[in-house]
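Biologist: Hey, I've got this one open on my screen. Can you walk me through it?

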Amino acid sequence: MTKFVDFELNLEYQKPENLSLSPKFKATSYYIWAAEFGDAQAYYNLAYLLQQGYQIGGQLSQSELEIPADVTQDNDKLLMYMFEKCEQLEQELSEDTEGKIFTPCFLARHNWMLSAFARKYQTEIRVVSICVFLIAMTTLCYVSSHYRGRYIANSYLLQSV
């Protein structure tokens with residue numbers, strides 16, 4: 001909580017410089033500035049900008065966030081780093097330390113991991129789903145044709161009794 005209070009107190013004195021550029025650059029500068037104070041929401045917003053396709057690696061490498069240089073070169077690695085850092089900061093601020101809590105950063109990170117998996121194995125997923133569908137339909141047809149005669153025979157036996 002102290003980090004947020006420091007962030008509020010220093011708001012007037014340490015604003016990001018070079019804000020005569022585009023609004024996207026301004027927003028990124030403010031998010032980086034807030035992330036330097038340890039704000040989890042700022043990390044989440046930076047990750048969101050990355051997801052939307054903005055290139056912010058250059059600005060991040062010039063900041064004081066201590067992000068490894070190899071991470072800033074690859075958007076996927078940078079996105080995962082941002083979500084992990086956001087999740088870490090959210091867990092530090094939360095009082096529940098017993099188990100994993102489902103924070104927005106946790107959910108966003110796992111959503112990104114699943115979508116990356118789906119993009120990577122798109123063809124394999126389609127082939128497996130078609131195979132599962134065909135096996136299910138074949139089984140259903142077999143079971144329905146196999147038990148159809150027994151059901152009709154049993155209904156006649158019940159009517160005659």
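Biologist: How many helices and strands are there in the protein?
Modeller: This is a predicted model, and the protein in it has 8 helices and 0 strands. Reading from the N terminus, the elements go α-α-α-α-α-α-α-α.

Biologist: OK, and how much of the protein counts as buried?
Modeller: 27% of the 161 residues. The accessible surface is about 11900 Å², and carbon and sulfur atoms own 58% of that.

Biologist: Which residues touch the most other members in the largest nonpolar core?
Modeller: Tyr43, Leu46, Leu60, Leu65, Ile67, Leu78 and Met82, out of 24 residues in that core. Two or more residues each come from H2, H3, H6 and H7. H6 supplies the largest share of the core, with 7 residues.

Biologist: Take leucine 60, then. What is it in contact with, leaving aside neighbours within four places in sequence?
Modeller: Leucine 60 is in contact with Ile32, Leu46, Leu65, Ile67, Thr72, Leu78 and Met82.

Biologist: Switching to threonine 28: is it buried or exposed?
Modeller: Threonine 28 counts as buried because its relative accessibility is 3%, and the cut-off for buried is under 20%. You'll find threonine 28 in helix H2, residues 23-36.

Biologist: And what does threonine 28 contact, beyond four places in sequence?
Modeller: Leu46, Leu49, Ile56 and Gln59. Take Leu46: the C-alpha atoms of threonine 28 and leucine 46 are 6.9 Å apart, although 18 residues separate them along the chain.

Biologist: What about H7, which residues there are buried?
Modeller: In H7, the buried residues are Cys105, Phe106, Ala108, Arg109 and Trp112. They pack against helix H3 (40-51) and helix H6 (75-93).

Biologist: How far does H7 reach from its first C-alpha to its last?
Modeller: Helix H7 covers residues 104-120, which is 17 residues, and reaches 24 Å, close to the 24 Å expected at 1.5 Å a residue.

Biologist: Now the outside. Which residues form a nonpolar patch on the surface?
Modeller: Ile130, Phe133, Leu134, Met137 and Leu140 form one, and together they have about 500 Å² of accessible area.

Biologist: Where does leucine 140 lie, and is it buried or exposed?
Modeller: Leucine 140 is in helix H8, residues 122-160. Leucine 140 is exposed because its relative accessible area is 51%, and exposed means over 50%.

Biologist: Last one: what share of the contacts with a separation of 6 or more comes from residues 24 or more positions apart?
Modeller: Those residues account for 47% of such contacts in the protein.

Note on methods:
Residues are numbered from 1 along each chain as its sequence is written. This is a predicted model: local features need pLDDT of at least 70, side-chain atom pairs count only at pLDDT 80 or more; totals for chains, interfaces and linings use all residues. Side-chain values use heavy atoms; hydrogens and water are left out. Helices (H or I, at least four residues) and strands (E, at least two) are DSSP runs, numbered from the N terminus. Buried means under 20% relative accessible area, exposed over 50%, partly exposed in between (1.4 Å probe, protein chains only). Contact means heavy atoms within 4.5 Å. The expected span of a helix is 1.5 Å times one less than its number of residues. Patches are made of residues with over 30% relative accessible area and no salt bridge: like charges are joined within 9 Å, nonpolar side chains (Val, Leu, Ile, Met, Phe, Trp, Tyr) within 5 Å. Accessible areas come from the Shrake-Rupley method with a 1.4 Å probe; for residues, only the protein chains shown count as cover. A salt bridge is a side-chain nitrogen of Lys or Arg within 4 Å of a carboxyl oxygen of Asp or Glu. A nonpolar core is a set of buried Ala, Val, Leu, Ile, Met, Phe, Trp, Tyr and Cys residues joined through side-chain atoms within 4.5 Å.
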